[in-house]
Amino acid sequence: MTGPRAGWEAPVTVAELVNAGPLAGARMYGSGENPVHQVRIVDELSVFGTVAPHTAVVLIGTAASGGWAVEMATRRAWEQAAACVIAPAGGLSEGSGEVLAERLGVTLIFVDEDPLIVAVRVASAAARPEAARTQLVARCATRLAEAGPSARRVLGVLNAELPGTSVTLLDRYGRHLAGARAVDRPGAARLSTEAEGTGGRGRAEPSGDDGTPPDVGARSGVSARSDAGLRWDVSARPEGSARSEGGARGGGGVGARWSAEVEVPDLDGGLLGTLVAGGSSRSPGWPAAVRTVLRLAVAPLTAWAAQERLRSSRDFALRRALAERLLADAQQEPGEPGEPGESGEPEERGARAEAIALGWPVEGALTAYQVRPTAEAGDAALAGTLIAAAVGQVPVLPRGEGWAGWSALDPGELAERLHRCLRTMPWPCAAGVGARVEGLRSVGESLLGAEAAAFVAGSGTVARADRMGPAELLGALPTGVLRTPATVVLRPLLAVDKDGTLLETLAAVLDEGGALKAAERLGVHRNTITTRLERIKSAGFDLDDAATRLALQLACHVLLR
C-alpha cells in the first residue's frame, strides 16, 4: 500500500498494544518492539513446542500458577522467538519480571483482567491491525472535538493519545507555540494539508544519521511535561529493560527514530505553523497512524487561530478608541473638582480610569513614539501586540503610515526598547521618538515629532526628534526619486565638470556657508575655491539668489549621496 495510509496493515507491535491498544493499562517489561502475528493461549509448558515465532503467548492455568511457572514459560517463549508473554498480575514479582525480561530480551506483560478476555482482544488487533489503528484515530478525533479551538488543549490531546510520540506546534518562524518544547526536526517529512482535498500526504523519514531522537530531550535522564501535564521519561535504559506502565510515555526500547510534519494553514491560505511529531518505533504502521491524527488536528488549530485573531482585532479596536478618547478629552477644559464628566459617568468608569486599569501613563512626563513600516505591513493587531511586548503597557493606535502612542519612559530608554521591537516585527520598520512633554495635553506635539523622526529614520533604526538636525532632514530625502530632477538642475555644471571637483566645491560652499570653511573642509587654498566658484557662476548659476542656493544644495546632496 502506498500513500498516506501506507503501513497501516503492517503487524501491530507489542508496544502499540500496550500504549494505544487492548493492553492499555498493563505493566510491560521489555522493549515491546516485536510484531504480533497471532495469539496462543498456553495452559501447560509442554505446548510451547508448537508456538510459532511472533506469537503473543497468554498464560493461564498451570503455566501461570506461580513465579516459577511464569519464569519457565518466559524462557520457553524466548526459545520459540515469541513476541511477548502475557501473564495474570501476581504471577511474578515486579522486580523479578523486570530482571527476567532484561536478561532474556523477551517482553513480559502483566494484566489485571481475565487473561482469556485479553487474549480475544489481542487476537482481534493482531488479525486486523488496520482496524486497531482506526480505533485510535477515532478516539483521537473524539478527544480533539472535545478540546475545541484551543492550541494548548489540542496539543495536550495529541501528546496524551500518541504515546511514545512528542508533538509540538511551531509558528511560521520556527518558534514554539504549544506542546512539547523540544522536538527535533532532522530528516522530517513535510506533509501538506492541501493534498488530497482535506488530508495531507507524505512519508515519515528516519531522523539524521547521528540517530538524534526527535522526541523530548533525547538525552539520558531527561524528562519533560506537556501542556496537558503528561510526563515523558526518556532516560537511557539497556535494550529489553524498559518498562511501560499504563501506556507510559517514552517507555519501551529504542526503535528507529522518525519525525513527521503537517502544515497548519491560516484563514488566508498562508502558513500559520507546523505540527511536528517525533518518536521511536519499529512499527511501520505507527508513524502512518500519527500522521493521520496530526491531520485531524489541523481544523481545530486553524479555528483557534481565527478565534485569537478576532479577539485580538476586537481588543485592538477597543484600545485604539480609548486612546483617541483620552487625547480628545485632554484638549477639553477640565470640569470643576468633584464634578462628573460631561457624559455624567462616574470617574471610575471614564476613559481615564480604564487607561489606568490597563497600566497606561496618563500624567507626568510623557514621550510619544511612532513605528512606521518601510514595506507592506500586515495585521495591525499583531503590530500592537509586539510593540506593547517590547515597550510595555502603552497605548497603540494607527497614525499616518504606522502605529503610534506614548510612554512614561525617557526618550533614550524608549528608543532602546523600540530598537528591540523592530527586531521582532515580521515586516521591515523604522521608528521615531518625540520630545518629552508634560501631560496628555502636550502629547500631540510629541506625536508630531515622533512621526517626523520615524519618517527620517531608515529601516531597522530609531530616530529621536530632539536630536534631529539639517543632516537628518537631508538624509530623509528620497534620492532615487530626486536624482533625475537634480541632474537636470545641475546639467550646465556637469557639462564642464570633468573630474567632479566643481560639484564637490559647490556642495562644500553651500553646506559650510562660505569659501573659507569650504577650503578647510576640502583641504585646499581659499584662492582655489574662489577660482572654482567663478567657473560655477560662469555656467549660469546665481549664487546670490536664495532660491537658487536651496535648489543647488538639495541637488548636490542628492547626487553626492
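Arg399 stands opposite Gly402 in strand E17. Strand E16 covers residues 397-399, and E17 covers 402-407. Helices (H or I, at least four residues) and strands (E, at least two) are DSSP runs, numbered from the N terminus. E16 and E17 pair in the antiparallel sense over 3 bridges. Two strands count as paired if DSSP finds at least two bridges between them. The two strands form a hairpin with 2 residues between them. In the turn, Gly400 has a positive phi of about 60 degrees.

This is a predicted model: local features need pLDDT of at least 70, side-chain atom pairs count only at pLDDT 80 or more, and totals for chains, interfaces and linings use all residues. Residues are numbered from 1 along each chain as its sequence is written, and side-chain values use heavy atoms, leaving out hydrogens and water.

## The five-stranded sheet

Which strands form the open sheet, and in what order? The order is E16-E17-E15-E18-E19, and the pairing is mixed. E16 and E19 (462-464) are the edge strands, each pairing on one side only. From one strand to the next, the twist averages 30 degrees.

Strand E15 (residues 365-373) runs antiparallel to strand E18 (residues 429-438), and 8 bridges join them. Tyr369 has Val433 in E18 as its bridge partner. E15 is also joined to E17 by 5 bridges, again antiparallel. There, Val371 stands opposite Trp403 in E17. Is E17 enclosed or open to the outside? 6 of the 6 residues of E17 are buried, so the strand is largely enclosed by the rest of the structure. Buried means under 20% relative accessible area, exposed over 50%, and partly exposed in between (1.4 Å probe, protein chains only).

## Helices on the sheet

Helix H11 (residues 411-424) lies across E15, E17, E18 and E19. H11 runs at about 160 degrees to E18. Helix H12 (residues 443-456) packs on the sheet too, touching E15, E16, E17, E18 and E19. The direction of H12 makes about 155 degrees with that of E18. Contact means heavy atoms within 4.5 Å. Axes are lines fitted to C-alpha atoms, for helices over the stretch in contact, and angles run from 0 to 180 degrees between N-to-C directions.

## Two helix pairs

Two packed helices are described by the angle between their axes and the distance between the axes. Helix H5 (residues 129-147) and helix H7 (residues 285-296) pack at about 25 degrees, with axes 10 Å apart. H5 and H7 are therefore roughly parallel. The cut-offs are under 35 degrees for roughly parallel, over 145 for roughly antiparallel, 65 to 115 for roughly perpendicular, and oblique for the rest. Residues in the contact include Leu136 and Val137 of H5, and Trp286 and Val293 of H7. By class, the contact has 9 nonpolar, 2 polar and 1 charged residues. Ala, Val, Leu, Ile, Met, Phe, Trp, Tyr, Cys and Pro count as nonpolar, Asp, Glu, Lys and Arg as charged, and the others, Gly among them, as polar.

Helix H16 (residues 501-512) and helix H18 (residues 526-538) cross at roughly 105 degrees, and their axes come within 10 Å. That makes H16 roughly perpendicular to H18. Thr501, Leu502, Thr505, Leu506 and Val509 in H16 meet Ile529, Arg532, Leu533, Arg535 and Ile536 in H18. This contact divides into 6 nonpolar, 2 polar and 2 charged residues.

## A covered helix

How many residues of helix H6 (residues 151-161) are buried? The count is 9 of 11, and H6 is mostly covered. Among the buried residues are Asn159 and Glu161.
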